[in-house]
Number of protein chains: 2
Amino acid sequence: MLQVSRKFEYGLHAVTYLATKGLGRVVTVKEMADEIGFSQEFLSKAMQSLKRAGIAASVQGVKGGYTLGKAIDEVTVADIALAIEGKPHLVRCGVKADRCEIFSSCHHRGYMNTLQHKIQALLAATTIHSLLKEIEG
Amino acid sequence: MLQVSRKFEYGLHAVTYLATKGLGRVVTVKEMADEIGFSQEFLSKAMQSLKRAGIAASVQGVKGGYTLGKAIDEVTVADIALAIEGKPHLVRCGVKADRCEIFSSCHHRGYMNTLQHKIQALLAATTIHSLLKEIEG
DNA sequence: GTTTAATAGGGTTAAAATAGTCCTATTTAA
DNA sequence: TTAAATAGGACTATTTTAACCCTATTAAAC
């Protein structure tokens with residue numbers, strides 16, 4: 001259905017939230033979940049993915065939490081999608097050839113691949129910095 | 001995960017298959033399923049959707065089947081996606097506001113909407129005619 | 001007229017993906 | 001030592017997608 005996952009939406013909100021708080025400020029998952037308005041446990045998973053990708057940095061222990069791991073003009077929406085949803089596959093055969101019954105005779109692969117790259121380029125064209133500017137007006 | 005549905009893939013293959021056969025030729029679902037290589041029953045559903053949208057035309061009864069309903073330069077990949085998957089909703093709140101817990105406080109809606117429109121524009125930029133040229137080289 | 005091969009489509013089941021929860025371990029400030 | 005946080009594995013529930021089954025309708029051929 002060409003829809004992003006909720007986990008991605010959560011992650012994007014979290015990153016923009018962290019960004020408005022500034023690079024230094026350590027924010028707990030609880031605070032973000034309360035402030036933005038969704039499930040703490042699930043947001044926590046998104047944060048772990050963002051951390052592994054270096055987009056967020058974490059501080060463990062009491063007084064711990066998350067901060068941004070990179071400058072806001074060095075992270076794009078595509079990076080966040082990659083961190084949370086993994087490599088994009090517009091069509092099944094991208095995941096694994098044997099996912100498609102007609103892999104060998106398929107004529108659309110070239111087109112679908114370029115289409116996917118173009119969509120990726122759209123996501124990569126927005127940095128958190130530019131997204132914030134759009135939000136704040 | 002930003003992936004198109006299999007039904008859409010089926011439909012796109014069917015449309016390009018019909019296109020190579022020419023506007024006049026009536027083709028059965030069985031022939032297409034055999035030739036392209038997938039489930040007749042499921043492809044049948046895709047064809048019904050394409051027919052409702054006017055992209056395919058049908059002939060009932062013995063010797064019946066499907067033909068293209070429009071000229072190949074008047075149908076875009078976006079039209080096929082719309083016919084088969086319905087109106088696109090990149091994010092849940094597009095489907096229905098109450099699908100999102102934070103609808104009223106959400107800051108990303110504007111961006112996600114423009115992103116969606118850009119993706120639609122990508123799909124709308126390819127007609128069956130241009131897709132065939134790409135395939136046939 | 002009857003048979004046959006096709007589309008039309010409702011309804012149900014099966015499988016896969018997504019979302020969400022639970023539990024335990026680890027870390028570190030107080 | 002306690003408490004508040006991240007880390008992450010394992011499990012469950014929900015939703016979506018894919019597939020299947022069955023019956024009706026249509027129209028050519030006989």
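Colleague: Is B:Phe42 buried, partly exposed or exposed?

Modeller: The model is predicted, and the class follows from relative accessible area: under 20% is buried, over 50% is exposed, and partly exposed lies in between. B:Phe42 has 35% relative accessibility, so it counts as partly exposed. B:Tyr10, at 5%, therefore counts as buried.

Colleague: How many aromatic pairs are there over all chains?

Modeller: Rings pair if their centres lie within 6.5 Å. The count over all chains is four aromatic pairs.

Colleague: Why is the pair of A:Tyr10 and A:Phe38 classed as it is?

Modeller: Planes under 30 degrees apart count as stacked. The two ring planes are at 15 degrees, with centres 3.7 Å apart, so A:Tyr10 and A:Phe38 are stacked. A:Tyr10 belongs to helix 1 (residues 6-21) of chain A, while A:Phe38 is in the loop between helix 2 (29-37) and helix 3 (40-52), so the pair ties together parts 28 residues apart in sequence. A:Tyr10 has 5% relative accessibility and so counts as buried; A:Phe38, at 8%, also counts as buried.

Colleague: What kind of pair do B:Tyr10 and B:Phe42 form?

Modeller: Planes over 60 degrees apart count as edge-to-face. B:Tyr10 and B:Phe42 form an edge-to-face pair, with 75 degrees between the planes and 5.5 Å centre to centre. B:Tyr10 in helix 1 and B:Phe42 in helix 3 of chain B are 32 residues apart.

Colleague: Which residues do ring pairs link into a cluster in chain A?

Modeller: The cluster consists of A:Tyr10, A:Phe38 and A:Phe42.

Colleague: Where does the charged end of A:Arg109 sit?

Modeller: It sits over the ring of A:Phe103, 3.7 Å from the ring centre. In chain B, B:Arg109 lies over the face of B:Phe103, at 3.7 Å from the ring centre.

Terms used:
Residues numbered from 1 in each chain as written. Chains lettered and ligands numbered in written order. Predicted model: local features only at pLDDT ≥ 70, side-chain atom pairs only at ≥ 80, totals over all residues. Heavy atoms only, no water. Phe/Tyr/Trp six-rings, centres within 6.5 Å; stacked < 30°, edge-to-face > 60°. Helix = DSSP H or I, 4+ residues; strand = E, 2+ residues; numbered from the N terminus. Buried < 20%, exposed > 50% of the residue type's maximum accessible area, 1.4 Å probe, protein only. Lys NZ or Arg CZ within 6 Å of the ring centre and 35° of its normal.
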